[in-house]
Amino acid sequence: MENESFFRKWGGLLVLSLALAIIIIDTTLLNVSLGNIIRDLHTDIQSLQWVITAYALVLAAFTITGGRLGDLFGRKKMFMIGAIIFAAGSFLASISHTLTPLLLGESIIEGFGAALMMPATASLLVSNFSGRDRAIAFGVWGGVASASAALGPILGGFLTTHYSWRWGFRINIFVTAILLVGATFLVKEAREKMKKIELDWIGVILSSIGLLAVVFGVIESETYGWLKAKEALVIAGHTYNTGNISIVLPVIVLGLLILAAFVWWEMRLEARGHTPLVSMKLFAYKQFTSGTITTGVLGLSQTGIFFTFPIFFQAVKGLDAFHTGIALLPMPIGIFLFAAISAALTGKIRAKRIIQAGFVVSGIGVILLHQALTPGVSLWALAPGLLFYGFGFGLIMPQISNLTLSAIPVAQSGEASGVNNTIRQLGATLGSAIMGAILLTGLATNLTTGIRESAVIPAQAKEQIATAVSKQTSNVEFGGGAHLNQSIPAKVSDEIMTISHKATTDANKSVMAYSLLFTVMGLIATFWLPEVSTEHVEHVETVEAVPAARQLVS
């Protein structure tokens, strides 16, 4: 009977970790299959960017709602419903022959299913584990979360190269079947006991629209510009003329105003004795608030590596999607190794110190990568930097998730997990937008400067070539190169390729510099974390938060 209980407890952890893995992998494997999908669906890269963007929007907008639904109706139940919805979306995406069903299946249906599953995985860990077991569970869960983003390109590249991009979605159906069987027998149900079940629909609408607006503005800033409009607004194939004013800043401001209205509504609803979507009392827990802020900055800082290095490997080193994933392997190896070490250190070293050490080690990894990055660098020379970055990430993730969510009573763990995951998603989205703008802006500038300063390219052709090449910089994001229609000598063509590789490398080095800045910001954020051990943290913080919670209510 004891062995059965042991198997059920840790088998349930494997189920929850596998669910998190397919959600995160699904956000990365599509990027390496873009060329194949464009050819099969006869579409273009701008349209596929919308598929990727819409998934991020839906996930960010509905994760809080998914967490709250788990608190109200059962976290295991919402997990399983989310898995079924996720599988349905994957099936529709896998049989798509036009863009519309791909958008509906991958972005809308899968996104909503993931929004139900993701907060449930963390809140079920909180409700099924305690003390040191919880720290170990979050160690495994955090390691899986971190490494899945890096493993996604390997899996996606392998399936696309040897089978079809459609298998990237079909495999989700088989994994979901395993999840449903495993959850049925291995995961215990957990829900908040309430006399009256209420779902705050106004809160759902306000939070969803507000987050959609903010994330849309951040992601589309590169396309439409922050202040002055780069081009007309295009939505669902319809063009809207906004004059010289970009739509980005007004949309973000509108989103922030709607989110402010959401906070006001939640406080008002709770003061009247009703159940809000997000209780503002959560933020009375200093441990939760500081942990969530650190998580958001972590999401902001991690995108530098995940976003830029696949581009460098494909555009400069000429690797295909599968070998790009292989080149990134030192990072997930480092994550797995140090996630286990991080869990083993629980109770021996304070969580705050482990997290701070993780940011320092990650910063060292970024510095090593920045110094090693040259057009002719070998993959082995980049491995130490990737490994160190993985070491730091592995130290951080298990501790910060446990530290943040252990502060909250189990009854509110789904709600708290939804908020925490939403902040992480917003941080990652903002980081991607910033890194993308830095990369493409730097690439365009470096290309133009390199061509104009070249001693090989004829002076009379420089402006024409610079203009033609600079218009193709957005293709670099997807592993493309500079292609010129006019007939040019081989010596000039080789010079343009050399300039392109150097421009891409220098743009990547600029991104690394900003990644280091965000890592330092994450380290600074950790100084607001409490001095507690994650092995006993749930007992300490709950007591400390009671006076603060009462003060907030009064």
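A helix here is a DSSP run of H or I that is at least four residues long, and helices are numbered from the N terminus. With that in hand, let us walk through this structure, which is a predicted model.

Is Thr63 buried or exposed? Its relative accessible area is 1%, and buried means under 20%, so Thr63 counts as buried.

From here, let us turn to pairs of helices. Two packed helices are described by the angle between their axes and the distance between the axes. Take helix 4 (residues 75–94) and helix 5 (residues 99–128): their axes come within 7 Å and cross at roughly 155°. Angles over 145 degrees count as roughly antiparallel, and that makes helix 4 roughly antiparallel to helix 5. The crossing of helix 4 past helix 5 is left-handed. What kinds of residues make up the contact of helix 4 with helix 5? They divide into 19 nonpolar, 8 polar and 4 charged.

Further along the chain, another pair is worth a visit. Helix 13 covers residues 351–372 and helix 14 covers residues 379–405; their axes come within 7 Å, with a crossing angle of roughly 160°. Helix 13 and helix 14 are therefore roughly antiparallel to each other. Helix 13 passes helix 14 in a crossing that is left-handed. In the contact of helix 13 with helix 14 there are 23 nonpolar and 6 polar residues, and no charged ones.

Our last stop is an open space in the model. Rolling a probe the size of a water molecule over the atoms shows where empty space is left. The second largest pocket has a volume of about 460 Å³. It is lined by 23 residues, and those closest to its centre are Leu211, Leu259, Thr422, Ile423 and Leu426. Which helices each supply at least two residues of this lining? They are helix 8 (201–224), helix 9 (248–271), helix 10 (286–315) and helix 15 (413–453). Helix 15 gives the most to the lining, with 7 residues. By class, the lining of this second largest pocket has 18 nonpolar residues, 5 polar ones and no charged residues.

Definitions and conventions
Residues numbered from 1 in each chain as written. Predicted model: local features only at pLDDT ≥ 70, side-chain atom pairs only at ≥ 80, totals over all residues. Heavy atoms only, no water. Axes fitted to C-alpha atoms, helices over the stretch in contact; angles between N-to-C directions. Parallel < 35°, antiparallel > 145°, perpendicular 65-115°, else oblique. Left-handed = near helix turned anticlockwise from the far one by under 90°. Nonpolar A, V, L, I, M, F, W, Y, C, P; charged D, E, K, R; others polar. 1 Å grid on protein atoms, 1.4 Å probe; cavity = no way out; pocket = protein on both sides within 12 Å on 5 of 7 lines; lining within 4 Å. Points joined across faces, edges and corners; volume = space filled by probe spheres on them. Buried < 20%, exposed > 50% of the residue type's maximum accessible area, 1.4 Å probe, protein only.
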